[in-house]
Amino acid sequence: MIVITAPTGNIGHQIVDHVLAAGEPLRVIARDPAKLPAGVRERVDVVQGSHGDARVVARAFEGADAVFWLLPSDPRAADVKESFLGFTRPAADAMRDLGVKRVVDVSALGRGTPQAARAGHVTASLAMDDLIAGTGVAFRALAASGFMDNVLRQVETIREQGLFFDVVSPDRELRVVATRDIAAVAARLLLDTSWTGQEEIPLLGPENLSYNAMAAVISEVLGTSVQYRQVSPQTLADRLTARGMSGAMVRSMLDMLAAKEDGLDDAIARTPRHAIDTPTTFRQWCEEVLRPAVRA
């Protein structure tokens, strides 16, 4: 029995598809089961509720061999670290008490770097990994770089203004990965019953790209000029605050971006293995995901 949290999310729904294709028994935790495609609801065991609820995870993890754990971010949290740890504690207790054999989660790069202690969301994510690892369960933390799919949040400005924005320097090379590659690695681990121990798996994508380089690729794929525009941290803070994000979470987001600018994601040396595990190039992602979204 495999359990998947956040099964309607960007990563979770893709893992569901992989596991169902493999024909393995699957249980999902969903706040609103109606958001699951009808074809999925008919083939999985659904536990309704939040996976931050002790009663819900106790039901869901009963008899579970493997669990995919993905934390839903709380944009209104008063404390970022406690929002990560407080949400995860009931699940960690259930993993230990119910004898879950293997856990896979989505985490972040940066462990062991000078920036890791002051990286906002990343700092909290690494603490969450430590909490899960402390249960003694066999554990794989998928330490992902920035998501290509985050560009989709700016589809409207790309379509209407030919622009996208961030606070990172335009020529700062970044490591970016497609969520479909993260999902494929997660599914492979969930379906593999042979692994033990605890390990962090860095997912870097196949190439480093600056935002200016991404803009050039987007322009070529869309056939129209698209530019990256760097904004100040205060401008981003104002936008996030206007969307209802708490002061603590805004500060955490800015701390994370500053740490990335300062080299948080750069400690892992790139090897050919990273391109094998996460093969989707940014150009391919733009052709297959971004272009249809912009033209929709």
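1. Is D277 buried or exposed? D277 is buried, because its relative accessible area is 13% and the limit for that class is under 20%. The model under discussion is a predicted one, and the points below should be read accordingly. The partner of D277 is R273: their side chains form a salt bridge with an N to O distance of 2.9 Å. Both residues belong to helix α11 (residues 272-277), where they stand 4 residues apart, about one turn of the helix.

2. Overall dimensions. The radius of gyration of the chain is 19 Å, which agrees with the value near 19 Å that a compact globule of 296 residues would have. Along the principal axes, the C-alpha atoms fill a box of roughly 55 × 40 × 40 Å. The accessible surface of the chain comes to about 13,100 Å², and carbon and sulfur atoms account for 50% of that surface. Of the 296 residues, 53% are buried. Contacts across the sequence deserve a remark too: among those between residues at least 6 apart, 77% join residues at least 24 apart.

3. The chain contains 12 helices and 12 strands. An open sheet is formed by 7 strands with parallel pairing, in the order β3-β2-β1-β4-β5-β6-β10. Its edge strands, β3 (45-48) and β10 (198-203), each pair on one side only. From one strand to the next, the twist averages 20°.

4. Strand β6 (residues 138-144) pairs with β10 in the parallel sense, over 6 bridges. Within this pairing, A141 stands opposite E200 of β10.

5. Which strands does helix α1 lie across? Helix α1 (residues 12-22) lies across β1 (2-4), β2 (26-30) and β4 (66-69). The direction of helix α1 is at about 160° to β1.

6. Strand β9 and its partners. Strand β9 (residues 174-177) is covered on both faces: L174 and V176 are buried on one side, and R175 and V177 are buried on the other. In a regular strand, side chains alternate between the two faces of the sheet. Strand β7 (residues 146-147) pairs with β9 in the parallel sense over 2 bridges, and G146 has V176 as its bridge partner. Strand β11 (residues 208-209) pairs with β9 in the antiparallel sense, also over 2 bridges; there, the bridge partner of R175 is N208.

7. A108 is located in strand β5 (residues 102-108). At 10% relative accessibility, A108 counts as buried, the class being defined by values under 20%. A248 is 140 residues from A108 in sequence, and their C-alpha atoms are 19 Å apart in space.

8. The structure holds 17 salt bridges. Side chains of opposite charge can pair when their charged atoms come close. One of these salt bridges joins the side chains of R96 and D93, at 3.1 Å from N to O. Both residues lie in helix α4 (residues 80-97), 3 residues apart, about one turn of the helix. R96 is partly exposed, with a relative accessible area of 45%, and D93 is likewise partly exposed, at 35% relative accessibility.

9. A salt bridge between helices. Which parts of the chain does the salt bridge of R180 and E288 link? The side chains of R180 and E288 meet at 2.7 Å, N to O. This pair links distant parts of the chain, with R180 in helix α7 (residues 179-191) and E288 in helix α12 (residues 282-295), 108 residues apart. R180 is partly exposed, with a relative accessible area of 23%, and E288 is partly exposed as well, with a relative accessible area of 43%.

Methods: Residues are numbered from 1 along each chain as its sequence is written. This is a predicted model: local features need pLDDT of at least 70, side-chain atom pairs count only at pLDDT 80 or more; totals for chains, interfaces and linings use all residues. Side-chain values use heavy atoms; hydrogens and water are left out. Two strands pair if DSSP finds at least two bridges between them. Axes are lines fitted to C-alpha atoms, for helices over the stretch in contact, and angles run from 0 to 180 degrees between N-to-C directions. Contact means heavy atoms within 4.5 Å. Buried means under 20% relative accessible area, exposed over 50%, partly exposed in between (1.4 Å probe, protein chains only). The radius of gyration is taken over C-alpha atoms; the globule rule is 2.2 Å times the number of residues to the power 0.38. Accessible areas come from the Shrake-Rupley method with a 1.4 Å probe; for residues, only the protein chains shown count as cover. A salt bridge is a side-chain nitrogen of Lys or Arg within 4 Å of a carboxyl oxygen of Asp or Glu.
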